[in-house]
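Please look over the chain shown below before reading the notes. They are grouped by topic and meant to be read beside the model.

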Amino acid sequence: MWALDAAGNSSVSNPTLRLTMPPGDDQPPSAPGQPVAYDVGATQVWLRWAPSVENVALDRYEVFRVDASGTLTRVRELYQYPPTPTKTQISGLTPNTTYTFVVQARDEVGHLSPLSAPVTVTTLPPPPSCAVRSVVRQWSDGFVARLVVENTGTTAVDGWTMTWRFWASQQVHGIWGAKVVDRVNNSYLRVRDTGRNAVIPPGGTVSLGLVASGTQLPEEFTLNGGLCTVADE
């Protein structure tokens, strides 16, 4: 680069600057980690996996369902601009059906990783029909509730998870007949069987109890994802 004055005189040119550009993306991503299935329901499942290693920039993860013949059907794309956690929900599944899934990574120029190791998972049976009767003793800032859960369907329930509305301001002081799993979106309490009361035959019942703070009583009950009716005690 140099400069010219009004008379056409030029300056001494600057020293030459040489730049070495980095090489392009010529490497595919590594294979994602084997997916882990969790929160399995009758029509949905969550998958999570360890991320791929990419030398430049990762574009997306693609989740595929693998059928018995080995054919891949893409069921989800998880874009990485901006980077997101390596987990996703697969919905629209058939109850009581076995599925196999794999994950593949794609970088920004289209290089594909090897497929992850597969994960095989079986969805739960259709949600049972259920009814809940409750007996509640309440005071100014808390309550004790006894819940009787009846299987009103024609198929035995073998292992159960139950939820009901439970506000963020409420705290559990005691529970029996069930074990606390977690709080869903800080608005529902999720509990499961103790192992000894996992089976509820058709027409059978299980009883559980709760001591909690607050004045909001249990409501909106679900059993294995199915909404229960509320029966009169």
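The model is predicted. The chain has zero helices and 19 strands. Of its 233 residues, 35% are buried.

**Chain totals**

- The accessible surface of the chain is about 13,400 Å², and carbon and sulfur atoms account for 53% of that area.
- Taking contacts between residues at least 6 apart in sequence, 62% link residues that are at least 24 apart.

**Strand S3 and its two partners**

- Strand S3 covers residues 58-66, and seven of its nine residues are buried, so the strand is largely enclosed by the rest of the structure.
- S3 runs antiparallel to strand S6 (residues 98-107), and eight bridges join the two.
- S3 also pairs with strand S4 (residues 72-79), again in the antiparallel sense, over seven bridges.
- Glu62 has a bridge partner in each of these strands: Gln104 in S6 and Glu77 in S4.
- S3 and S4 form a hairpin, with five residues between the two strands. Gly70 lies in that turn and has a positive phi of about 90 degrees.
- Strands of a sheet pair through backbone hydrogen bonds, either parallel or antiparallel.

**Backbone geometry in the loops**

- Most residues other than glycine have a negative phi, and most peptide bonds are trans.
- Pro82 sits in the loop between S4 and strand S5 (87-90).
- Asp39 counts as partly exposed because its relative accessibility is 43%, which falls between the limits of 20% and 50%.
- Asn96 is found in the loop between S5 and S6.
- The relative accessible area of Asn96 is 53%, so Asn96 counts as exposed; the cut-off for that class is over 50%.

**The five-strand sheet**

- Five strands make up an open sheet in the order S13-S14-S11-S17-S18, and their pairing is antiparallel.
- Strand S13 (179-184) and strand S18 (226-227) are the edge strands, since each pairs on one side only.
- Within this order, strand S11 (residues 161-165) and strand S14 (residues 188-192) run antiparallel and are joined by five bridges.
- Thr163 has Arg190 as its bridge partner in S14.

- Ser213 belongs to strand S16 (residues 205-213).
- Is Ser213 buried or exposed? Its relative accessible area is 15%, so Ser213 is buried, the cut-off being under 20%.
- Leaving aside neighbours within four places in sequence, Ser213 is in contact with Asp141, Gly142, Phe143, Ser169, Gln170, Gln171 and His173.
- For Gln171, the backbone nitrogen lies 2.8 Å from a polar atom of the Ser213 side chain.

Technical notes: Residues are numbered from 1 along each chain as its sequence is written. This is a predicted model: local features need pLDDT of at least 70, side-chain atom pairs count only at pLDDT 80 or more; totals for chains, interfaces and linings use all residues. Side-chain values use heavy atoms; hydrogens and water are left out. Buried means under 20% relative accessible area, exposed over 50%, partly exposed in between (1.4 Å probe, protein chains only). Helices (H or I, at least four residues) and strands (E, at least two) are DSSP runs, numbered from the N terminus. Two strands pair if DSSP finds at least two bridges between them. Contact means heavy atoms within 4.5 Å. Accessible areas come from the Shrake-Rupley method with a 1.4 Å probe; for residues, only the protein chains shown count as cover. A polar contact is a pair of N or O atoms within 3.5 Å; within protein, one must be able to donate a hydrogen and the other to accept it, and residues adjacent in sequence count only if both atoms are side-chain atoms.
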